[in-house]
Amino acid sequence: MNSALHIGLVSASDRASGGVYQDQGIPALKAWLTQVIRAPALRFEERLIPDERAVIEAALVDLVDVKGCHLVLTTGGTGPAPRDVTPEATLAVADKVMPGFGEQMRAVSLKYVPTAILSRQVAVIRKQALIINLPGQPKAIKETLDGVFAAVPYCIDLIGGPYIETDETLVKAFRPKSAIRPKGA
């Protein structure tokens, strides 16, 4: 069994990757994850890349196939604009599509903004990893993760990753009773 949860963080942004402004997506993802996940230890791989489909695909493949990430979270590039190609890149490298994540992310976001219907976020399985597309703004990242992360630990269990424990006062991981281990086991 793995001793750490290896997480890939990808921010797809032409302007942030070009130095026009500072990326806020990766710091927001790291802050949320380090606050919520209690075990196992976390290891991060970060990529700040432009909105280029081939570059996004290559980053996802590298993070899963080479770096061995169990979870990859992307931020940015999920809207309807011509340069928003993160979902296409994610689907291109998928072994399985997990449509419930996209449905739930949009449902969560609709509580806050009517433009959530413009989101094209997807989640997929590639080999032993779950890849989830998230919005680009830190507030929206938090709201979305708060709304879907309860299902992530059990999904990671089912695809052979490490057992994830969360701070239950923030997000209570859901598992069937038969899949729950004693704390710290």
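A charge is said to sit over a ring if NZ of Lys or CZ of Arg is within 6 Å of the ring centre and within 35 degrees of the ring normal. The exercises below apply this and related ideas to a predicted model.

**Exercise 1.** Find which residue lies over the face of Tyr163, and state its distance from the ring centre.

*Solution.* The residue to look for is Arg175, which lies over the face of the Tyr163 ring at 3.7 Å from the ring centre.

**Exercise 2.** Determine how the rings of Trp32 and Phe149 are arranged, and where in the chain the two residues are found.

*Solution.* Begin with the search of the whole structure, which finds one aromatic pair. The ring centres of Trp32 and Phe149 are 5.1 Å apart and their planes meet at 65°, so the pair counts as edge-to-face, since planes over 60 degrees apart fall in that class. Next, locate the partners: Trp32 belongs to helix α2, whereas Phe149 is in the loop between α6 and α7, so that the pair links distant parts of the chain, 117 residues apart.

**Exercise 3.** Describe the largest nonpolar core, and say which element gives the largest share of it.

*Solution.* The largest nonpolar core has 28 residues, and those with the most contacts inside it are Leu71, Leu73, Leu130, Ile132 and Phe149. Among the elements that give two or more residues to this core are β1 (4–12), α2 (25–36) and β4 (71–75), and the largest share, six residues, comes from α2. Apart from this core lies another, of 16 residues, including Cys69 and Val124.

Methods. Residues numbered from 1 in each chain as written. Predicted model: local features only at pLDDT ≥ 70, side-chain atom pairs only at ≥ 80, totals over all residues. Heavy atoms only, no water. Core = buried A, V, L, I, M, F, W, Y, C linked by side-chain atoms within 4.5 Å. Buried < 20%, exposed > 50% of the residue type's maximum accessible area, 1.4 Å probe, protein only. Helix = DSSP H or I, 4+ residues; strand = E, 2+ residues; numbered from the N terminus. Phe/Tyr/Trp six-rings, centres within 6.5 Å; stacked < 30°, edge-to-face > 60°.
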